[in-house]
Amino acid sequence: MRLYLLALNPTDSVTEGFLPAARRLGLDVTLLTDRPAAHRAVYPDVEVLECDVHDFRAVVSRVSAHGTPEAVFTNSDHLQTQAALAADYFGLAAKDWRAALRTKDKAEMRRRLAASGADTVRSVELTAGQDAAAVAADLPYPCVVKPREGVASEDVVMVGDAPELVRRCEEIRARRPGAALVVEEYLPGEVFTLETLGDGRVLHVLGGFRTELSPPPYFVEERLTYVPRHPRDIETQVLAQLDALGVGFGACHTEFTVHEGRARIIEVNYRAIGDQCDLLLAGLLDIPLFEHVLRTHLGEPLPPALGARTDGAARLDYPCADRAGTLTSAPGATEVEADGVKLTYRPLRGLGERRPVYGTNRDFLGVVRATGTDRSAVDRAVTAFLAAQRWEITP
């Protein structure tokens, strides 16, 4: 059976998650990408074909010419609609391309949620060339400006008044010529995630995370703490909003705020959670998470119960660069286990790399992930590890 995997960049999710899972399922993998050299360097044993994966027509053509598919899959935020359309063309199990588009397009997501009555967030879509000053006076402040189809806190910023909004929009457009933007009211409250896995018939909730962000005006994820189950009414509110968007197939990572008992979606990433959280989740729950995701795209139903462990505690911390410069000292990859806690550290930036400060997840220097059954022990292990390390950036 052949799995066509669409990708833009090599990721931990593919390297440590989906490719090993595909091998365990006995699948032959063909990777389609517009950056073949980068993938061949990381995956020398995988067939890699060059393809304009941003264009679903190119994907259909490449797959059709190469061989019969049993599944077309991607875990990329940017390629969900293309993969869904290509899979549908071949009559394969897939996400509804409309739901994939609604979740990727943040303006369309807001319109859909409002039209369904699930939630209404004051927002304005600024198409390329549209003057931000023309709508600035009608917006509530503070508000948040973001790319309509962005991801990972890239160019997401809080603004306090109309002049700042105009300036920030100009800055983002200088980096993203032609990109549409969304400006929406700031949603107060604590930030959480909900992780789900469905087959279009049954939907499993895998828990979620409490997210601690950097101080405004940016929204860098600095720490995630596993939450085995959200309060029932909060979970029900989020699931109702996902249902309004048509989400329910495969993996989904949803970010939302909770304020005065009300849950409101920030964004929906219609794929498995990234930044090594998916790897942590699979081990913490002790389930073949990546195999389950791939099986749904092979048209196989999920079991009524996943048999996931419910006694786990986990935390991820992301040491971040606080200044521009060259990384001259940093810890290497580490794995330790003590006092019932398994701790893994992986560098995300190489020694000698010079970078600016982005105010996004690209400022991550590494990721610490720890799992156990006692939350206090997990917290102590991460705190002690971070206190013992040094990251030095030379201007």
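Strand E9 (190-199), strand E13 (249-259), helix H10 (277-285) and helix H11 (289-297) each contribute at least two residues to the lining of the second largest cavity; helices (H or I, at least four residues) and strands (E, at least two) are DSSP runs numbered from the N terminus. A cavity is a set of points, on a 1 Å grid over the protein atoms alone, where a 1.4 Å probe fits but cannot get out, and lining residues have an atom within 4 Å of a point. The model is predicted, with local features requiring pLDDT of at least 70 and side-chain atom pairs counted only at pLDDT 80 or more, whereas totals for chains, interfaces and linings use all residues. Residues are numbered from 1 along each chain as its sequence is written, and side-chain values use heavy atoms, with hydrogens and water left out.

The second largest cavity holds about 60 Å³ of space, a volume being the space filled by probe spheres set on the points, which are joined across faces, edges and corners. E9 gives the most to its lining, with three residues. Among the lining residues are Glu195, Leu206, Cys252, Asp278 and Leu289. By class, nine are nonpolar, one is polar and two are charged (Ala, Val, Leu, Ile, Met, Phe, Trp, Tyr, Cys and Pro count as nonpolar, Asp, Glu, Lys and Arg as charged, and the others, Gly among them, as polar).

In total, four cavities of 30 Å³ or more were counted. The largest cavity contains about 70 Å³ of space, and its lining comprises three nonpolar, four polar and three charged residues. Helix H5 (97-104) gives the most to this lining, with three residues, and strand E14 (262-269) supplies at least two. Asp77, Lys104, Gly150 and Tyr270 are among the residues that line the largest cavity.

The largest nonpolar core has 47 residues, of which Leu3, Leu206, Phe209, Leu289, Leu294 and Leu316 touch the most other members. Such a core is a set of buried Ala, Val, Leu, Ile, Met, Phe, Trp, Tyr and Cys residues joined through side-chain atoms within 4.5 Å, buried meaning under 20% relative accessible area (1.4 Å probe, protein chains only). H10 provides the largest share of this core, seven residues. Domain 1 (2-94) and domain 3 (190-394) both give residues to this core, so it lies between them; the domain bounds come from an automatic or database domain assignment. A second, separate core of 19 residues includes Phe192, Leu242, Val247 and Phe256.

Methods. 1 Å grid on protein atoms, 1.4 Å probe; cavity = no way out; pocket = protein on both sides within 12 Å on 5 of 7 lines; lining within 4 Å. Buried < 20%, exposed > 50% of the residue type's maximum accessible area, 1.4 Å probe, protein only.
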